[in-house]
Amino acid sequence: MTNVLVDETSNNLNQPGEPESWRRFFTFSTDHKVIGIQYIVTAFFFFLVGGIFAMVIRGELITPEADLVDRTVYNAMFTLHGTVMLFLWTFPVLSGLANYLVPLMIGARDMAFPRLNAVAFWMVPVFGIVLMGSFLAPGGPSQAGWWAYPPVSLQNPSGALINGQFLWLLAVALSGVSSIMGAVNIVTTIVRMRAPGMTFFRMPIFVWAVMSAQIIQLFGLPALTAGAVMLLFDLTLGTAFFDPIKGGDPILFQHFFWFYSHPAVYVIILPIFGIFSELFPVYARKPLFGYKVVAISSLVIVALSAVVWVHHMFASGTPGWMRMLFMFSTMLISVPTGIKVFAWVATIWGGKIRLTSAMLFALGGLVMFVFAGITGIMLASAPMDIHVNNTYFVVGHFHYVIFGATVMGVYAALYHWFPKMTGRMYNEGLGQLHFVLTFIGANLNFFPMHPLGLEGMPRRVASYDPEFAFWNVIASIGAFLLGMSTLPFILNMVGSWVQGEKAPDNPWRAIGIEWLVSSPPTHENFEVLPIVVSDPYGYGKSDPLVSNADALEVAHEQH
Amino acid sequence: MSSTEVDPVVSQQTAVEVAHEHEETDNRMFGFIIFLLSESVIFLSFFVGYIVYKTTTLDWLPAGVTGLELREPAINTVVLVSSSFVIYFAERYLHRENLWGFRAFWLLTMAMGSYFLYGQAVEWSSLEFGITDGLFGGTFYLLTGFHGLHVLTGVILQLIMLGRSFIPGNYDNGEFGVAATSLFWHFVDVIWIVLFLLIYIWQ
């Protein structure tokens, strides 16, 4: 075994920096950088798919009547929009960023289990195809929403064994297996593979955030799996678990579902917090404010995330004491989150700010996140939540989180690390155009959902009272603008990758191990492992980050 | 144990790298433990579901069912729990590099695991209720079935490890496979004890 591994290693070391062929992105590569980009590109493809579903939804809602698509198609659209955006866009794209960046940031040659890593990635297109395949199933795709609440999800109008809901559950289960593989790999990598001198409190915040997020996957996802297995048995075998007609308990499914799916929000947002924490110091030229507190607050969020799920169920016959308890725990989570926001603001404050595309997206994301945080506190309060439960207010809130903070944060990360990943510079003008379109589009799209919800427009409807028309038209215009905003991005990414200006090792004068090696880094990243000698974010100080910066890439200098 | 041996090719690399290579072999156990912790949450969820159903359902037992027979499952429990000690002795023999002692005890573990599965199958076929008979039937077959799947996985892993013990030099890079299978077996055992208490004792 060792012999084989070492032989492979030495072979690869003989050919570092070889012209990177695009074909390797279509192979079962075990290089974490290839897998990272595979994740990101696959996820972005599904982001466009989910976006098309959103266009159909907003197209339907531009008029009060249900006149664009059949209602069953509309139900399938909002179900698949949510499912695709979560399981095929945000999770994989963040896995991709974690895959690419974590080994480089902690000074490791690869992930702890490279082959497991590749298997976990290749499951993404597989369950993507399973989910898209549900269009061909009798009765069409699942129409139960991404929650798949029984008894709606148990209806199975077509009566076929292989139906849309069945394929939905299969896809979610495969996604779960892939995520657990990824989580085991990432946690092991971070705990066991840090370079000499890279203590826990020298890790960049992104690494802290990714580790925290993956811990949530490890304890939360199995609960969803348990619920999904029971739902699958109800659907296919006719068991009684969640079927009220047979004496089952549909509320129990909600507990299983939200025990994972609320923490899943932190799986998504924690890496985004990490990205913010990486970007603000670089583009404000200041050390991150309160590094240790920001690092620890990620773990506090992990702990609290396990005890907030019932706030999704205030209107599900939840007893009063439980409402009080979960209202309190939910509001508590704004403390560690608020600490982070203050740390970012203090980092930017008085800094030499460079408004590159990455920084613009990070700032835009932060602004939208703060707005989402405020509506989040409103929703945490049970009396308010009962009033707006299942209305567009909730939809508006979580789109500010999932689009406003998350997608903007992902864009920020993609611009920031694009030169590192591809060895090319992106076009700044197109990037800024992309930012303006996205920021305006997102706010135009998601802000109107708040007044709509307060006025009582329910979510998941294809037709509505004409009094809601004004805000819906604005939201739809915003959605189409948002759809268009991806065009300059795609043009920029593809164009710059093919014929962009060559990128230096460290175009942003950033401090971090990933910026000490070539762009893109060679296979196995480091000839000699870095020996870390100082804390991260040493902006304005003259301490070197590693003691052997010149020795990291002997082979690179040869070619 | 013998993983500290350094391949000649590796010795060309720096001391840091050797430490690094050494770490990679140990990572598998760390990763496996994390996986098992995660896996235990599925069982935990099923157990919580079972407790909720049992304490809130009005007609818990299906019509005509009076309860579960305790004798055979108790024997099964004794066999499975003892097999955890047997596999421990197998591991001890391997540590002392007594391969045949290892194989004998390892095979005994497999036999006991298979007996458990056989006992489970006999019990299932003798029951007068099915998986669709209310929440009792559903949770009973879900829990015992999901656990049985893990026992089966354990026996298959043991079979693979037994086969690999005949490959020369199989343990030159440590005994991860055997150690992980053994840990998995203890895990399956502990889960069964909880499950036995919940389903058979608490009736």
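Residues are numbered from 1 along each chain as its sequence is written, and chains are lettered from A, with ligands numbered from 1, in the order in which they are written. Because the model is predicted, local features need pLDDT of at least 70 and side-chain atom pairs count only at pLDDT 80 or more, whereas totals for chains, interfaces and linings use all residues.

**Stop 1: the core**

Select A:I106, A:V207, A:L279, A:A362 and A:A412, the residues with the most contacts inside the largest nonpolar core, which has 218 residues. Such a core is a set of buried Ala, Val, Leu, Ile, Met, Phe, Trp, Tyr and Cys residues joined through C-beta atoms within 7 Å. A residue is buried if 20 or more other C-beta atoms lie within 10 Å of its own, exposed if 12 or fewer, and partly exposed in between, with C-beta atoms placed from the backbone. Next, colour helix α3 of chain A, residues 71-106, which gives the most to this core, with 22 residues. Helices (H or I, at least four residues) and strands (E, at least two) are DSSP runs, numbered from the N terminus.

Which residues does A:I106 touch, not counting residues up to four places away in sequence? They are A:I190, A:M193, A:R194, A:A195, A:M198, A:M203 and A:V207. Two residues are in contact if their C-beta atoms, placed from the backbone, lie within 7 Å.

**Stop 2**

Axes are lines fitted to C-alpha atoms, for helices over the stretch in contact, and angles run from 0 to 180 degrees between N-to-C directions. Angles under 35 degrees count as roughly parallel, over 145 as roughly antiparallel, 65 to 115 as roughly perpendicular and the rest as oblique.

The crossing of α3(A) past α6(A) is left-handed, meaning that the near helix is turned anticlockwise from the far one by less than a right angle. From α3(A), select A:A98, A:L101, A:V102, A:M105 and A:I106; their partners on α6(A) are A:F206, A:V207 and A:V210. This contact of α3(A) with α6(A) has 8 nonpolar, no polar and no charged residues. Here Ala, Val, Leu, Ile, Met, Phe, Trp, Tyr, Cys and Pro count as nonpolar, Asp, Glu, Lys and Arg as charged, and the others, Gly among them, as polar.

**Stop 3: α2 against α4**

Turn to helix α2 of chain A, residues 32-61, which packs with α4(A) at an angle of about 15°, their axes 10 Å apart. That angle makes α2(A) roughly parallel to α4(A). The crossing of α2(A) and α4(A) is left-handed. On the α2(A) side, select A:H32, A:I35, A:Q38, A:Y39, A:T42 and A:F46; on the α4(A) side, select A:P114, A:N117, A:A118, A:F121, A:V124, A:P125 and A:G128. The contact of α2(A) with α4(A) has 8 nonpolar, 5 polar and no charged residues.

**Stop 4: chain B and the interface**

Display chain B, which has 6 helices and 0 strands. Of its 203 residues, 29% count as buried. At the interface, 34 residues of chain A are in contact with 31 residues of chain B. On the chain A side, the elements that give two or more residues are α1 (2-14), α5 (164-192), α6 (205-236) and α7 (250-261), and α6(A) gives the most, with 7 residues. By class, this side of chain A has 23 nonpolar, 9 polar and 2 charged residues.

**Stop 5: the α4–α5 loop**

Select A:Y149, in the loop between α4 (114-133) and α5 of chain A. Is A:Y149 buried or partly exposed? A:Y149 is partly exposed, because 18 other C-beta atoms lie within 10 Å. Leaving aside neighbours within four places in sequence, A:Y149 is in contact with A:A144, A:P250, A:F253 and A:Q254. In the loop between α4 and α5 of chain A, also select A:P151; the peptide bond from A:P150 to A:P151 is cis, with omega near 5°.

**Stop 6: further backbone features**

Most residues other than glycine have a negative phi, and most peptide bonds are trans. Go to A:P520, in the loop between α17 (469-499) and α18 (554-558) of chain A, where the peptide bond from A:S519 to A:P520 is cis, with omega near -10°. A:Y537 also lies in the loop between α17 and α18 of chain A and has a positive phi of about 60°. A:Y537 is buried, with 24 other C-beta atoms within 10 Å.

Finish at A:N390, in the loop between α13 (382-388) and α14 (392-422) of chain A. Phi of A:N390 is near 60°, a positive value, and A:N390 is partly exposed, with 13 other C-beta atoms within 10 Å.
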